[in-house]
Amino acid sequence: MTFKLAVDVRNALLDAIETSIGTDAVLKIRSGAAPTNITDGDLGTVLATLTLPADWLADASGGSKVLAGTWQDLSADAAGTAGHFRIYASDETTQKGQGTITATGGGGDMELDNTVLASGQEFNVTAFTLTAGNA
């Protein structure tokens, strides 16, 4: 049997994720596939590092939570193809979440306006959504 949660409970869980990670969360875009587990060491080259807005996700609604504000990097750190991301606490070392990256419309956990980055290139995160189970 699957345990089902009401929408208000799912929304509270999602809002707690942002609270737990905290303000000044750091997003690192990396090349290659993500590690198997969040506790595994980093893989791939860091292509970009962004400090996310203080309120980086909109309030949860309907069992989902989407990016808030502008997630933009004016100058990528290195050249390569974005393959995965990790979100860290403000200390930039404590991993809190990870997922896949695709171009806009590609269906990844996070979508960028361009996944093939050149060093110094500007790019934007165009989509990021957290969805609670059975939402």
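**Salt bridges**

Tutor: Let's start with Asp-42, which is partly exposed at 36% relative accessibility. Keep in mind that this is a predicted model.

Student: OK. Which side chain does Arg-30 meet in a salt bridge?
Tutor: That of Asp-42, at 3.1 Å from N to O. Arg-30 sits in strand S1 (residues 26-31), and Asp-42 lies in the loop between S1 and strand S2 (46-51), 12 residues apart.

Student: Is Arg-30 buried or exposed?
Tutor: Arg-30 counts as buried, because its relative accessibility is 5% and the cut-off for buried is under 20%.

Student: And what about Arg-86, which side chain does that one meet?
Tutor: Asp-42 again, in a salt bridge of 2.6 Å, N to O. That pair links distant parts of the chain: Arg-86 belongs to strand S5 (residues 80-88), 44 residues from Asp-42 in the loop. Arg-86 is buried too, with a relative accessible area of 0%.

Student: New topic: how many salt bridges does the structure hold?
Tutor: There are 4. One of them joins Lys-65 and Asp-15, with the closest N and O atoms 2.5 Å apart.

Student: Where do those two sit?
Tutor: Lys-65 is in strand S3 (residues 64-66) and Asp-15 is in helix H1 (residues 7-21), so the pair links parts of the chain 50 residues apart.

Student: How accessible are they, Lys-65 and Asp-15?
Tutor: Lys-65 is buried at 1% relative accessible area, while Asp-15 is partly exposed at 27%.

Terms used
Residues numbered from 1 in each chain as written. Predicted model: local features only at pLDDT ≥ 70, side-chain atom pairs only at ≥ 80, totals over all residues. Heavy atoms only, no water. Helix = DSSP H or I, 4+ residues; strand = E, 2+ residues; numbered from the N terminus. Buried < 20%, exposed > 50% of the residue type's maximum accessible area, 1.4 Å probe, protein only.
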